[in-house]
Amino acid sequence: MEVNNWHKELTYDNWVPITVSGARPAARYKHAAAVVDEKLYIAGGSRNGRHLSDVQVFDLRSLTWSSLKLKANVGKDYDNSSQEILPATSGTNMIRWGEKLLLLGGNSRDTSAELTGSICAMVFIMGIKSYKCLIISCLCIAYYNMVKHRKLTMFIELLAVRYIDIETCQFGVIKTSGSVPVARVGQSATLVGSRVILFGGEDMSRKLLNDVHVLDLESMTWEMIKTTQTPPAPRYDHATAIQGERYLLIFGGCSHSVFFNDLHLLDMQTMEWSQPQTQGDLVSPRAGHAGITIDESWFLVGGGDNRSGCPETLVLDMSKLVWSVLTVVKQKDPLSSEGLSVCSTLIDGEKYLLAFGGYNGRYSNEVFVMRPKAKDTMRPKIFQSPAAAAAAASVTSAYALSKSEKLDFMPLDDINSKSSVNGHPKDDVTDKIEAIKEEKRLLELSIAEVRAENSKLGGEIEEINNTHSELTKELQSVQGQLVAERSRCFNLEAKIAELQKLLESMQSVEDEVQALREKKSALDQEMELTATAQRQGSGGVWRWFGGSET
């Protein structure tokens with residue numbers, strides 16, 4: 001692949017890994033990504049349970065990676081010439097706004113939990129040598145767990161909006177006003193004109209959300225939107241797209257126990273939710289997938305259900321709501337990962353898709369590219385066959401005729417006899433017969449096509465029923481496990497209550513021990529005084545026996 005013309009050598013509708021020159025960034029998933037001026041920007045992410053804080057840039061011309069060093073947009077007294085200021089964050093959204101990259105939401109590393117954990121470690125390293133040390137260590141562990149699992153909160157954390165200026169390499173936090181939403185992770189943020197539509201996610205206490213907020217980028221003011229009709233179930237790690245500058249589409253995502261494959265639509269003018277019917281290929285439930293739109297086509301890549309990744313790249317024709325599978329990769333391919341990113345870029349007047357990162361048993365740092373066909377060359381499979389189109393056009397008449405095993409046409413001899421009796425020319429009769437025969441052939445072909453399609457659909461329905469049965473069994477198994485876990489949690493809570501009572505009684509035990517120590521000390525002093533007096537009295541007797549003078 002030549003560096004200068006690598007994009008022109010690509011075939012259509014296939015993912016191809018890009019050969020990168022030089023070093024690559026650390027593999028990761030749940031990062032943020034955006035393309036600006038033929039450069040792919042990657043920020044943050046997670047790897048092995050550790051959040052990342054770097055910003056990496058991939059040049060689509062030289063096919064090389066570089067690291068972007070950031071400076072805080074603060075006073076001159078702040079020394080940050082080589083410091084990366086971006087907090088270690090995963091699950092954030094990146095949106096280009098002018099020459100800035102906006103970062104919304106996400107999960108940042110909890111320094112208070114880490115500090116408390118360090119205190120606990122120090123206490124145990126010193127060793128438990130007294131009741132006080134035991135009490136302190138237990139309290140430290142309890143506090144650490146509460147902070148780590150975000151059970152101890154002194155205030156409600158609000159969603160932060162940060163920015164990266166790609167021209168000055170400055171970083172900062174944008175002050176927003178209005179009805180600022182709570183901090184969250186796994187949300188979606190969709191740019192519509194000069195507004196960002198925020199939907200769903202889970203907050204810092206892992207509460208699932210399905211609320212809608214709008215950020216006006218001109219005034220940096222938040223507004224909470226009141227919607228009507230039935231909204232999507234609370235979820236996170238879903239994908240969103242905008243159609244016609246009016247409709248917000250939401251696909252997939254998951255709760256804490258269920259993965260979704262539903263499609264929801266929000267009319268941004270009436271703020272009404274709906275769940276439209278879709279056509280085309282079946283799509284499996286997934287979360288952690290990535291999506292990007294090109295014209296009326298919504299491309300969706302990757303995702304999974306915690307058991308396996310989704311290897312197919314889906315395309316939704318948003319104007320017709322028709323699903324189609326564009327291409328399929330191997331099951332363990334990085335493109336079937338959760339937490340990957342996908343962007344679109346324009347190179348020499350042609351649009352391309354770029355995918356990076358993800359996790360599917362291993363973390364990825366590869367860059368993949370696809371050259372999608374123009375929209376008019378991508379049609380759903382149901383319309384690719386002329387015979388299928390003819391069948392669809394005549395399906396009503398075909399079903400009516402299919403009620404009998406063979407079509408009922410007038411015998412040829414009767415037609416010939418009647419035509420001769422009525423004085424019609426035989427040539428005209430022959431032409432009509434041939435036309436009827438051709439019509440009969442086309443109708444029979446249509447019936448065969450419809451029957452084949454019905455047979456295929458019947459097989460798919462049977463497969464879906466089998467899958468549903470298996471999922472029902474798995475659900476029952478999971479419910480049984482949940483019952484067992486609840487019982488175990490109840491037992492743990494009871495033990496914790498007993499330990500708390502024990503800790504409360506330790507203070508009185510320590511007071512009694514201190515009182516006993518004081519009594520023992522007083523008794524030791526009395527015994528020492530008695531012994532001293534006895535020694536002095538014994539010395540006077542010996543002097544008397546020795547005849548010493550007084």
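## Phe-58 and its surroundings

Visitor: Which residues is Phe-58 in contact with, leaving aside its neighbours within four places in sequence?
Guide: Phe-58 is in contact with Ile-18, Val-20, Glu-38, Lys-39, Leu-40, Leu-63, Thr-64, Trp-65 and Val-367. Bear in mind that this is a predicted model.

Visitor: Which residues touch the most other members of the largest nonpolar core?
Guide: Phe-58 is one of them, along with Trp-6, Ile-18 and Leu-40. That core has 19 residues.

Visitor: Which elements give two or more residues to this core?
Guide: Strand 2 (32-35), strand 3 (39-43), strand 30 (341-347), strand 31 (350-356) and strand 32 (367-370). Strand 31 gives the most, with three residues.

Visitor: Which residues belong to the second core?
Guide: The second core is separate and has 17 residues, including Ala-34, Ala-43, Leu-86 and Leu-103. In soluble globular proteins, nonpolar side chains tend to be buried together.

Visitor: Now strand 6. Why is strand 6 described as largely enclosed?
Guide: Strand 6 covers residues 55-59, and four of its five residues are buried, so the rest of the structure largely encloses it.

Visitor: How many bridges pair strand 3 with strand 6?
Guide: Five, and the pairing is antiparallel. Within it, Tyr-41 stands opposite Val-57 of strand 6.

Visitor: And how many bridges join strand 6 to strand 7?
Guide: Four, with the two strands running antiparallel. Strand 7 spans residues 64-67. There, Thr-64 is the bridge partner of Asp-59.

Visitor: Different spot. Is Ser-90 buried or exposed?
Guide: Ser-90 counts as buried, because its relative accessibility is 6%, and the cut-off for buried is under 20%. Ser-90 sits in strand 9, residues 89-90.

Visitor: Which side chain does the side chain of Ser-90 join in a polar contact?
Guide: That of His-51, at 3.4 Å. Beyond four places in sequence, Ser-90 is in contact with Lys-30, Gly-45, Ser-46, His-51, Gly-106, Asn-107 and Val-185.

Visitor: Zoom out. How many helices and strands does the chain have?
Guide: Six helices and 32 strands. The chain has 550 residues, and 38% of them are buried.

Visitor: What share of contacts between residues at least 6 apart join residues at least 24 apart?
Guide: 56%.

Visitor: Last one. What does the accessible surface of the chain come to?
Guide: About 32,500 Å². Carbon and sulfur atoms account for 54% of that surface.

Terms used: Residues are numbered from 1 along each chain as its sequence is written. This is a predicted model: local features need pLDDT of at least 70, side-chain atom pairs count only at pLDDT 80 or more; totals for chains, interfaces and linings use all residues. Side-chain values use heavy atoms; hydrogens and water are left out. Buried means under 20% relative accessible area, exposed over 50%, partly exposed in between (1.4 Å probe, protein chains only). Contact means heavy atoms within 4.5 Å. Accessible areas come from the Shrake-Rupley method with a 1.4 Å probe; for residues, only the protein chains shown count as cover. A nonpolar core is a set of buried Ala, Val, Leu, Ile, Met, Phe, Trp, Tyr and Cys residues joined through side-chain atoms within 4.5 Å. A polar contact is a pair of N or O atoms within 3.5 Å; within protein, one must be able to donate a hydrogen and the other to accept it, and residues adjacent in sequence count only if both atoms are side-chain atoms. Two strands pair if DSSP finds at least two bridges between them.
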